[in-house]
Amino acid sequence: MRRLVFIWIGFMVMLGGCTQEKPCIAENGIICYDEELQQYQVEKDAKVRVMVETEAYGQALVELWNQEHPEQMNVIEPIVVQDFDAATWLGYKTDIALLWSNDAAQIINHFMPVQPELKDEIQEHVPLQFGELLNLDGLRYVPMSYYGMVFSTNVTMLGELGYDVTDDNEDGLVDNFDSFEKLMALADDWNGRERDYHNRKITAVFPFSLSELWASLGFFSADDFRFFASHEALAPGVDSDSFLETLKFMRAMGEHPWYLNANEEDESDEAQSADLNETEEDPAETDPEIEKTEEELPSDADEQQEAQDNSETEEEILPYRVENDRVFEEGWLYDSYLEKLISPFSLVGTWMYYNQQEDIEQQDFYFSPMPSWESITLAPLAKTKGYLLAEGTKYPSASNEVLRLIRSEMGIQAYISTVNTIPAVTNVDKLENRPISSEEEMEDKVDSDRIKPYYLEFKNENQRQISYAFSFSQEESMVAFEKDPSVRGWDMLAEIQLIEIAEDVIKQRIAPEDALLKLIENSESWMLPYQPVEEKTE
């Protein structure tokens, strides 16, 4: 007889000073886990209603269940929905919900944590930074898919322009351009001048834009900075050293020409500048009242000492490049990267037609995490939707077993094959790299603690790369104010002139240190109504 252990409710019977363990039976809310089979026991006559995105995926889940549990078939009842918000679930009240993380946060008390064995299994293959706040007291929210933006490189364009496009570590970033320092060097090399490509104009190195807050917040992640990292709505983190480094990164972005001008305009500007230089005269030569004396001018030794002191105490700051005015004036140009081939690098959203544009333009777009700055990868924002177990389910043991199958290797493969989205899965390898059984057994003996990857077949290489890229992304903080839970701390970011002050930093109108003080002042002022009321002491 297999050894069954209690998970939720258990008791020991004392007989003659000895204890005897009773077999676990999944009934009346009891959840039982079979250690030998590594499955959850299924309640008699159980039916588990699951929200799904497509009819094909729902049918795939039913078939997977019947394959794994021929002794009790057709337990899963798929419910196909189009919206994944709180109102939709409250209407259906399924045993397993599929919700956007922000919607899950609104009704999180309706859901229960998964069981400990399932938690350990799931966490080996999910990005843990998503739903972090929802999972502080147990794993409730399990991400299934991503929505957002990732970095992209047009390797066809770079190769035809004569650049090495090797990607040895297969992270989607060309090795020669895997950091913002390297991208800045390329921008300096191109020096703000357009290039021709396939009878079109390359008008940007990277169409850097701060015109839309949500898409811009990835640029505020230098030095691993995250807003509300402490999970406290009254602590946005803008007073931290990491946020200061983020502002310094913004200033550095303004020092290099991301946008390119037509060569004719550049030559005209250079000629005008040369004419001005030729006509300028030293006022001391034309104005007799101005005299230069040796006492008024610093000596060479003084200049050298001052330069040495400055180099020891100040970092080198290059002038702002006016080409970057288009960062703030021209708005969103990321779509044009795909449609008009305006640049070798860009951000690309999951809603864009990148697969179609690859075929139309005969270009190879790579997708990847953001490049690094000072060896730390930047993190753009992403949204996820994921599964949760309903607290009021009549069949909690079967529901855990359904979720186990959903997040198993076969379950994720079914999801990839039947849903047109980007799967939220980590620790993945390509299907063709799966070792044969004897090799796998040998590897397990050598390294028993190693997390075994999921060997998956993606619809195409773009889907695989984008899924990997999102594992480096971040999500909006969902932490709310204790005084008013309907208001999130994150809502503040649109109200404290964050983008306007960042523009001033980039254009060098204000130093990062002064910008930090201004944002501290703005954030404290905005949060004032949500500060707790101090108790009066007599």
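I first looked up Thr384, which lies in strand S17 (residues 382-390), where strands are DSSP runs of E of at least two residues and helices are runs of H or I of at least four, numbered from the N terminus. Because its relative accessibility is 0%, Thr384 counts as buried, the cut-off being under 20% relative accessible area with a 1.4 Å probe and protein chains only. I found a polar contact of 2.8 Å between the side chains of Thr384 and Tyr141, the term standing for a pair of N or O atoms within 3.5 Å, one able to donate a hydrogen and the other to accept it.

I note that this is a predicted model, in which local features need pLDDT of at least 70 and side-chain atom pairs count only at pLDDT 80 or more, while totals for chains, interfaces and linings use all residues. Residues are numbered from 1 along each chain as its sequence is written, and side-chain values use heavy atoms, with hydrogens and water left out.

Next I turned to helix H6 (residues 180-190), whose buried residues are Phe180, Leu183, Met184, Leu186, Ala187 and Trp190. They lie on the same side of H6, because they cover an arc of only 160 degrees around the axis, taken from the directions from the helix axis to the C-beta atoms. Asn191, which follows H6, has a positive phi near 55 degrees.

Last, I looked up the largest nonpolar core, a set of 90 residues in which Phe180 and Phe208 are among those that touch the most other members; such a core joins buried Ala, Val, Leu, Ile, Met, Phe, Trp, Tyr and Cys residues through side-chain atoms within 4.5 Å. Helix H8 (residues 241-253) gives this core its largest share, seven residues.

Technical notes
Buried means under 20% relative accessible area, exposed over 50%, partly exposed in between (1.4 Å probe, protein chains only).
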